[in-house]
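Biologist: I am new to this one, so please take me through it a question at a time.

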Amino acid sequence: MALLEVKDLAIAVAVGGQLVPVVHGVSFTVEAGKTLGIVGESGCGKSLTSLAIMGLLEGSQVRITSGSILFDGQDMLTLPAERRRAIMGADMAMIFQEPMTSLNPVYRVGEQIAESILQHRKVSKAQARERAIELLRLVRIPDPEGRVDSFPHQLSGGMRQRVMIAMALACDPKLLIADEPTTALDVTVQARILDLLKELQDETGMAIMLISHDLGVIAETCDDVAVMYWGKIIETAPADELFSTMAHPYTRGLMASIPVSDREVERLEAIPSRVPMLGEKLDGCAFHPRCGRARPICSDIDPVAIAVSPSHFARCHFPGEDQA
Amino acid sequence: MLAYTFKRLLALVPTLLAASVLVFLFVHLIPGDPAAILLGDSATPEDVARLSREMGLDRPIYVQYFIWLGNALQGDFGTSVFFRTPVMEVIAGGAETSILLALLTMVWIILLGIPIGVLSATRHGTWVDQLASGGAMLFASVPTFWLGLYLILIFAVWLGWFPSSGFPSIHDEGGLLNLRYLLLPSMTLAAPNAALIIRLVRASMLDVQREDHVRTARAKGLHPARVAIKHVFRNALISVAAAFGFTFAALISEAVVTETVFSLPGVGRLVVQSILRRDYPVIQGVILVIVCLYMVINLIVDLAYAWLDPRVSLK
């Protein structure tokens, strides 16, 4: 059984009393100990999907309109709030894009890590502090005994993201959701944080759901990849298979727009036009207005997922055609 | 922290000097000769001149200032023209009422302002919030004297629950029960300020609620009440603390009105009466004491601010 199984998850935003759908029924699974990458450009619904899984949409203008989120066999959407909170921060933990603002400025980092431990484990304050120091050491923060009493503003962005990771790992989660964990960091720090996540995964055996707009990051770290476009998953495959045979024209466009340093090119490829507005009415395939090889059927019928191989699916009427 | 406090206290000296000049001069701008008023209508010009000389009012104004300042530094604000007793004693006589009134008012402001503000923010958009916000808006706009008169009318005249005016000392017969005399005045005084704190707590909490670190706190699986108090409110408190300095300034001017409406023997009413009596030494003394108090309160607010927000460094 998969650790996390998301089925037909649909999410809508309440705008002026109306529900505007933004995620149109996504399904995917994360296996225990594996890494699933979700990639897509800004506004495609990947962050909303991760917040929905974590249960952080409550109280906002965003509603889950249908679907189910099975974690460890329990449906997170029907679980009573209290039992759900017992999972949040314990078996399922999350790190965010903005390490600069994701820590509470008025508490010491040690207290913030300990808070998570005290919430879910029956330990004393002194034991929680010891564990916090141990976690800071685990995420390779130098001088953890000293740093445990630092305030967030005394740490760099990379260090703060390490603290966030330490906090997420506090109760040995089975699943770590990482929403653009390296986007706000500079490139060398990015690589170190990704390496750290991989090493920690090897040490703890946790599964990771990595959300990113950066195919390079995904290629380096993931076992499986799901590509999202306009609130839908348009291609899923094991990472090595996806990067060798991209079936969906959007995935290919995304790949072609990555700058490669050893290739001399004048201009980067860009996908023409823009992502449709959220809630815009679109017949047929959502990508057809921007697709170079759209045919009449593409604007009429929304394609279903077609198997390119037993483990590789693409929502395209003509998957894998005219491969570059 | 100690060095900073000491430095701030030193910095109060020039400010106080400037304030003393202003206080001294402002009083001399008020028309009317105190010697003439004191002696009444039947006094001859010779009598007035003699009293003026006795009081030092015939000397150049800067000499008057330095004499006054020199004495004030030794805690001697002169003798009240009206009471014929030292100004410090006159002020001390009103201090008990004013201090107790201020304390009771602060208790109301904190007991009402903070919980209602928190409730309003956590129930944002519901009828609870609308009721609290609407009520706060109403009480923030109602003039103090009007509210005071209505409270007297309802609770003292119609219902007869509380006394309408005056305040016997808590050392007199009745002891602490005499505090009931201050209940209506303190509520009158607290209403606009508590309303301000309600709106401020609500607004800052709603601001903080949107911050990323609150999402982190929720992701830990904390109970929503714990997130609201330990993470949202604790951060919102930083801007609320800053507002307490202003609240205190507002309290002083509103206390003048309130003490007059409720005929309380406090420092506020003393100011008003002293102005009417042209009692220069008392006016100067009271205002200087209020200025000192205000500066100390603001220093405390600044220190509290630094204590609440670790990002503020005391240098």
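Biologist: How many other C-beta atoms lie within 10 Å of B:Ser263?

Modeller: First, this is a predicted model, in which local features need pLDDT of at least 70, side-chain atom pairs count only at pLDDT 80 or more, and totals for chains, interfaces and linings use all residues. Residues are numbered from 1 along each chain as its sequence is written, while chains are lettered from A and ligands numbered from 1 in the order in which they are written. A residue is buried if 20 or more other C-beta atoms, placed from the backbone, lie within 10 Å of its own, exposed if 12 or fewer, and partly exposed in between. B:Ser263 counts as partly exposed because the number within 10 Å is 13.

Biologist: What is the phi of B:Ser263?

Modeller: B:Ser263 sits in the loop between H10 and helix H11 (267–276) of chain B; helices (H or I, at least four residues) and strands (E, at least two) are DSSP runs numbered from the N terminus. Most residues other than glycine have a negative phi. B:Ser263 is not a glycine, yet its phi is positive, near 45°.

Biologist: Is A:Asp143 buried or exposed?

Modeller: A:Asp143 also has a positive phi without being a glycine, near 55°. Its place is in the loop between helix H4 (125–138) and helix H5 (144–147) of chain A. Because A:Asp143 has 10 C-beta neighbours inside 10 Å, it counts as exposed.

Biologist: Within what arc do the buried residues of H7(A) fall?

Modeller: Helix H7 (residues 187–204) of chain A has 18 residues, and its buried residues are A:Ile193, A:Leu194, A:Leu197 and A:Leu200. On the other side of H7(A), A:Val187, A:Thr188, A:Asp202 and A:Glu203 are exposed. Taking directions from the helix axis to the C-beta atoms, the buried residues line one face of H7(A), because they fall within an arc of 125°.

Biologist: Which element of chain B gives the largest share of the side that touches chain A?

Modeller: Two residues are in contact if their C-beta atoms, placed from the backbone, lie within 7 Å. The contact takes 18 residues from chain B and 22 residues from chain A. Helix H9 (212–219) and helix H10 (224–261) of chain B each give two or more residues to the chain B side. The largest share, 7 residues, comes from H9(B).

Biologist: What is the bridge partner of A:Ala307 in S12(A)?

Modeller: S11(A) and strand S12 (residues 312–314) of chain A run antiparallel and are joined by 3 bridges. In S12(A), the partner of A:Ala307 is A:Phe313.

Biologist: Which residue has a positive phi in the hairpin of S1(A) and S2(A)?

Modeller: Strand S1 (residues 4–15) and strand S2 (residues 18–30) of chain A pair in the antiparallel sense over 10 bridges. Along this pair, A:Glu5 stands opposite A:Thr29 in S2(A). The hairpin has 2 residues between the strands, and the positive phi, near 55°, belongs to A:Gly16.

Technical notes. Expected span 1.5 Å × (residues − 1). Pairing = 2+ DSSP bridges.
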